[in-house]
Amino acid sequence: MAEIYQKEIDLKKYSKEELTRYYREMVKIRKFDEHLIRLMMEGKVSGFYHSGIGSESVSVGSITNILRDEDYIYYNHRGCNQKIAKGVPLSKIYGDFLGTVEGTTRGLGAGIVHSADPSRGVLGQCGTIGSQFNIAVGTAYSAKIQNTDRVTLVYFGDGAASREPLHGSLNWAGLYKLPIVYICENNGYAISSTTEETHSVREHIADWAWGYGIPNCVVDGNDVLLMRECVSEAVERAKRGEGPTFIEAKTFRHRGHFEGDTYDYVDPEVLKYWKEHKDPIKNFKKLVIENGICTENDLLNVEEQLELEILQAIKKAEEASLPSPERIYEGLFA
Amino acid sequence: MSTSVKVKTITMREAIVEALHEEMERDEKTVLFGEDVGKFGGINAITRGLYEKFGGKRVFDTPIAETTIVGAALGMAITGLRPIPELQFGDFVGIAFDEVFNKLGKWRFMHGGQMEVPVTLRLPVGIAGGAGPEHSQSPQALFMHAPGVKIAIPSTPYDAKGMLKTAIRDNNAVLFFEHKLLYAMKGEVPEEEYLIPLGKADVKKEGKDVTIIATALQVQTSLEAAEKLAKLGVEAEVVDPRTLAPLDMETILQSVRKTGRVLIVHEEPKTGGCGAEIAAQISEQALFDLQAPIKRIGSPDVPIAQSIYLEQFYRPSEDQIIEAVKELMEY
């Protein structure tokens, strides 16, 4: 059965630069998110947005300084977190939400799903939640047959984990020893249904992987460094040709499933606990300051710089034009 | 076929096997997979010899998992391979409906046109000897409603080979429907390599009195009916669209304008079959060239019985075609 991933983190192993980068990436994601919600309030973006606030560490811990541009990801329903961590320019993501030609789809509009940046290995996402499981094994098979060491990371929530394709995918990945890492971002809820209400598992979702002979574990997804250690082991294993890994990252969402969700199905005390004690950014900030790696001022500078960067990205996306009506006839066939 | 071209007479099965061998030899990015397609050579013996020739990495048996077969094909395609998955029976496309309907045809478009999807999905279809309601269907018309996929449906060994080779080289998703009863049908195929473009209909027989538009096995049935009609003094023109998407309306309309009478024949249930769309387009574009209402012969709108005796009543027959043409000629 799935073990809880534990490791003594040696902070000295990390340079100040690297640690600052993790902070920077997490704050970038959060600020992106907060500004997007603001744009929504201003009526510029539709309400079909699934905020990733509270789980930035899952994405940063599994991508930053681990994945290369040539490694592939299929992001999940809180996927802006992963797109940003993988390096998709902010203006492009905002452009997709705003529907301007700056977007990755050049004006078709894309929100959480359908942004893509193949040059950075961001291969898209399915609107039919969880259908990326099958596509991901194809991508991993592709890397293997072309003799590259490219790794495929497939992200999904605990809700998507109940889709049948997960099992078809795990069977292939285990059978063909594919270079793929499954990252289940378990935030406890599929919209309003809890994991316990919708999954027949022994204890953890990761237990399923055990049945397919796939190494697996459960990790505290809100600890960015622990997440990083765990995923980099899995990625190295995949690169060595040793096959897939299944990682269940435990986290929680600070906001509802979508903007406008009343979120009253969650016990306010539980939410309060996660916000106060398990916020990945707050905890990481405390860690690096207490260990004398960064000063409050260092991090403040990072935040200020990011604020500027984000405002510029929004400006660029907003100033770009809307597509001409002919846009809908472009790009159906190669 | 002109006499200067060296030809051989082979079955449609052999024609498809040849196309697969030639294309896999030509491009090392091609990968072929499906249920029992490896050492066994496919339940319809279409992938014979490929495993031995190209090895287990490029030709592999998959678990019984149509969803994964088609989904994986998409993942392979957008990362540089040219996958040729097979569904053992075309009916099974229902299991992978999301992957075909929502993914193969839409992935490129919905992600801004940034990826190519060179998948050729082979799907055997048609009534073929008591296979029952979930192994005898012809679901191709479903996908005329799915922008982004091409639909090929050959009726001769010559077309099957030339079109399959084109489909494999195409950078888009092609659904390749093969009628199981045609696998054993013989026909002339050039010795030399050739390609048939997708989106080009073929006039299988010229005639001036009535246009019969038919697909797959029904092209053959229509040709036989046309011969009998000729003896009755009716010259039928038989048009095979060959691909339902893109649909070559130009060739179809040209024939309709010449004859003024249209009969559409297919093995799909009549309601919502490909004939419905073809008839609608003809009436939109050539209503006043018609001398009679457009007629359609399809399968009845009920599931296909497993009984070998009963299943024949689902397949359009020569007699039905002759009767329908006679009716058209009365206008």
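**Exercise 1. Describe the build of chain B: which secondary structure does chain B have, and what is its radius of gyration?**

Step 1. The secondary structure of chain B comes to 11 helices and 14 strands, where helices (H or I, at least four residues) and strands (E, at least two) are DSSP runs, numbered from the N terminus. This is a predicted model, in which local features need pLDDT of at least 70 and side-chain atom pairs count only at pLDDT 80 or more, while totals for chains, interfaces and linings use all residues. Residues are numbered from 1 along each chain as its sequence is written, chains are lettered from A and ligands numbered from 1 in the order in which they are written, and side-chain values use heavy atoms, with hydrogens and water left out.

Step 2. The radius of gyration is taken over C-alpha atoms, and the globule rule is 2.2 Å times the number of residues to the power 0.38. For 331 residues a compact globule would have a radius near 20 Å, and chain B agrees with this because its own radius of gyration is 20 Å. Along the principal axes, the C-alpha atoms of chain B fill a box of roughly 60 × 45 × 40 Å.

Step 3. Of the 331 residues in chain B, 62% are buried, a word that stands for under 20% relative accessible area, whereas exposed stands for over 50% and partly exposed for what lies in between (1.4 Å probe, protein chains only). Contact means heavy atoms within 4.5 Å, and among the contacts in chain B with a separation of 6 or more, 82% come from residues 24 or more positions apart.

**Exercise 2. Describe the interface: how many residues does each chain give to the contact, and what area is buried between chain B and chain A?**

Step 1. Chain B gives 44 residues to the contact and chain A gives 42 residues.

Step 2. The size of an interface is often given as the accessible area lost when the parts come together. Buried area is the accessible area (1.4 Å probe) that two parts lose on being put together, summed over both; between chain B and chain A this area is about 3,200 Å², and carbon and sulfur atoms give 65% of it.

Step 3. There are zero salt bridges between chain B and chain A, a salt bridge being a side-chain nitrogen of Lys or Arg within 4 Å of a carboxyl oxygen of Asp or Glu. The two chains do have 21 residue pairs in polar contact, both residues at pLDDT 80 or more. A polar contact is a pair of N or O atoms within 3.5 Å; within protein, one must be able to donate a hydrogen and the other to accept it, and residues adjacent in sequence count only if both atoms are side-chain atoms.

Step 4. On the side of chain B that touches chain A, the elements of chain B that give two or more residues are β2 (30-34), α2 (50-58), β3 (59-61), α3 (66-77), α4 (97-104) and α5 (107-110). The largest share, eight residues, comes from α3(B).

**Exercise 3. Locate S131(A): where is its place in chain A, and is S131(A) buried or exposed?**

Step 1. S131(A) has its place in the loop between α4 (90-98) and α5 (132-145) of chain A, and with a relative accessible area of 1% S131(A) is buried.

Step 2. The side chains of S131(A) and T128(A) are joined by a polar contact of 3.1 Å. Not counting residues up to four places away in sequence, S131(A) touches C126(A), R163(A), D98(B), E99(B) and K103(B).

**Exercise 4. Examine the salt bridges: how many are there over all chains, and which parts does the pair K165(B) and E23(B) tie together?**

Step 1. The count over all chains comes to 54 salt bridges. In one of them, the side chains of R106(A) and E330(A) meet at 3.6 Å, N to O. R106(A) lies in the loop between α4 and α5 of chain A and E330(A) in the segment after α12 of chain A, so this pair ties together parts that are 224 residues apart in sequence.

Step 2. R106(A) is partly exposed at a relative accessible area of 39%, and E330(A) is partly exposed at 34%.

Step 3. K165(B) forms a salt bridge with E23(B), with the closest N and O atoms 2.9 Å apart. K165(B) lies in helix α6 (residues 157-169) of chain B and E23(B) in helix α1 (residues 12-26) of chain B, so the pair ties together parts that are 142 residues apart in sequence. Both K165(B) and E23(B) are buried.
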